[in-house]
Amino acid sequence: MENVLRPVIVVGGSVVLTLLIGWSVDLLLRRAADRHSETSLWGLLRRGRVPFQLVLFAALLRGSYDQAKLLVEHRIGIGRTLTLILIGAAAWLVVGIATAVVETSYNRYAHAHRDPARIRRVRTQVTLIQRVVTAVVGVVAAAAMLLTFPAMRAAGASLLASAGILGIVAGVAAQSTLSNLFAGLQIAFGDMVRLGDTVVVDGEWGTVEEITLTFLTVRTWDERRITMPVSYFTSKPFENWSRGTPQMTGIVFLHLDHSAPVEAMRGKLRDILRECPAWDGRDYGLAVTDSTPNTLQVRALVTAKDADDIWTVRVTVREQLIRWLTEHHPYALPRVNTAEAVRLPGPAALPGRAEPDAAKGRAHGRRLHDTPRMGRG
């Protein structure tokens, strides 16, 4: 009877204590979250109740398993398994607690500050800190698990004896990985590029969507994802349109006929911008910047608060100006001068023989006419 009751008491007691303590801690966290609604720390800590209960159960069962005298012949294997579960659950719990603390700090900072650039910078740093903590805890947990095996302890001693050689080999083999790792830390705390920044990389325009310790993902305007090593951003030049102030100046080029009404176009540009919500009202202008024997190059200058709005303003100005010119000043659109080709002399024509005046009139007296063609932006 004692052999039956002892395992039931030990295992059942561990389960009951785990559930009771876990429920009590969860209740306290819930009340703290209701009492302090201004912070999300307690609500985030509640997410760690599963690893907390797992740590508690593994610790209780590991400490009292010898008293249960259950499966004595497998005592070493079961004890080692419980130790591994305890280490893994503890690492899971530490990562959860660290994530909750970091997320709470970021949320408090985001609510206290209204500067989008500073918020994106802090978000980038917070994200990389979470990844560093997760990586460190994972490595420590894996090393602790390996050290529970006697064979691994001997291997560890051998590795320590040859640490110099292994360090050199590992440094050469992991040179690219280490450079990306340090580049990720440099990006996080050097404020070079942040989550949400608008960048131009290798001719591709997009928004920084994800930053890790080894790679960076840019989401382009057509929903593609470009993944690049973070070392690229520390070794090569790139455009960051969100650096400093996000305000931008855009340009619209039009190629028009020499008779284009430039003054009237300035007034129309002003009217278009007044009706465009994306224009920030800072500046605008229209000037003739170049000319060719056939066309004038007209440049319309507009402003907006960020890269998305400047694109909207540019396409709006280009479309409405061309439509207005087509409807009210079609002569201002570029034209191509054409004429009928000169007729080749026939086989009956003799050298030195004059061509009749009528034929000359048909071949050379044609009046040039103009064919309007749509302008280019």
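1. A quick definition first: two strands pair if DSSP finds at least two bridges between them. Strands here are DSSP runs of E with at least two residues, helices are runs of H or I with at least four, and both are numbered from the N terminus. With that in hand, strand β7 (residues 279-291) and β8 pair in the antiparallel sense over eight bridges. Leu286 stands opposite Ala300 in β8, and Ser291 has Leu296 as its bridge partner there.

2. Some housekeeping before going on. This is a predicted model, where local features need pLDDT of at least 70 and side-chain atom pairs count only at pLDDT 80 or more, while totals for chains, interfaces and linings use all residues. Residues are numbered from 1 along each chain as its sequence is written, and side-chain values use heavy atoms, with hydrogens and water left out.

3. Overall picture: the protein chain has 12 helices and 10 strands. Buried residues (under 20% relative accessible area, against over 50% for exposed and in between for partly exposed, with a 1.4 Å probe and protein chains only) make up 31% of the 377 residues. The chain exposes about 23,200 Å², with carbon and sulfur atoms supplying 62% of it; these areas come from the Shrake-Rupley method with a 1.4 Å probe. Taking contact as heavy atoms within 4.5 Å, 66% of the contacts between residues at least 6 apart in sequence join residues at least 24 apart.

4. Strand β6 (residues 248-256) runs antiparallel to β8, and nine bridges join the two; Thr249 stands opposite Thr303 in β8. Seven of the nine residues of β8 are buried, so the strand is largely enclosed by the rest of the structure.

5. Is Thr295 buried or exposed? Thr295 counts as buried, at 14% relative accessibility. Leaving aside neighbours within four places in sequence, Thr295 is in contact with His255, Leu256, His258 and Pro334. Thr295 and Leu254 are 41 residues apart in sequence, with 9.5 Å from C-alpha to C-alpha.

6. On aromatics, rings of Phe, Tyr and Trp (its six-membered ring) pair if their centres lie within 6.5 Å, with planes under 30 degrees apart called stacked, over 60 edge-to-face and the rest tilted. By this rule there is one aromatic pair. Trp279 and Tyr284 form it, edge-to-face, at 6.1 Å centre to centre and 80 degrees between the planes. Trp279 counts as buried at 19% relative accessibility, whereas Tyr284 counts as partly exposed at 32%.

7. Next, helix α10 (residues 262-274). Its 13 residues reach 19 Å from first C-alpha to last, close to the 18 Å expected at 1.5 Å a residue, where the expected span is 1.5 Å times one less than the number of residues. The buried residues of α10 are Val262, Met265, Gly267, Leu269, Ile272 and Leu273. What covers them includes β6, β7, β8 and α11 (307-328).

8. That leads to the cores. A nonpolar core is a set of buried Ala, Val, Leu, Ile, Met, Phe, Trp, Tyr and Cys residues joined through side-chain atoms within 4.5 Å. The largest has 28 residues, of which Met265, Val313 and Val317 touch the most other members. The elements giving two or more residues to this core are β6, α10, β7, β8 and α11, and α11 gives the most, with eight. Not counting residues up to four places away in sequence, Met265 touches Leu254, Leu256, Leu286, Val298, Leu321, Trp324 and Leu325. A second, separate core of 14 residues includes Val193, Leu213, Met228 and Phe233.

9. Finally, the other sheet to check. Five strands form an open antiparallel sheet in the order β4-β3-β2-β1-β5. β4 (225-229) and β5 (239-240) stand at the edges with a single partner strand each, so one side of each is left without a neighbour in the sheet. Strand β3 (residues 215-220) pairs with β4 in the antiparallel sense over five bridges, and Val218 stands opposite Ile226 in β4.
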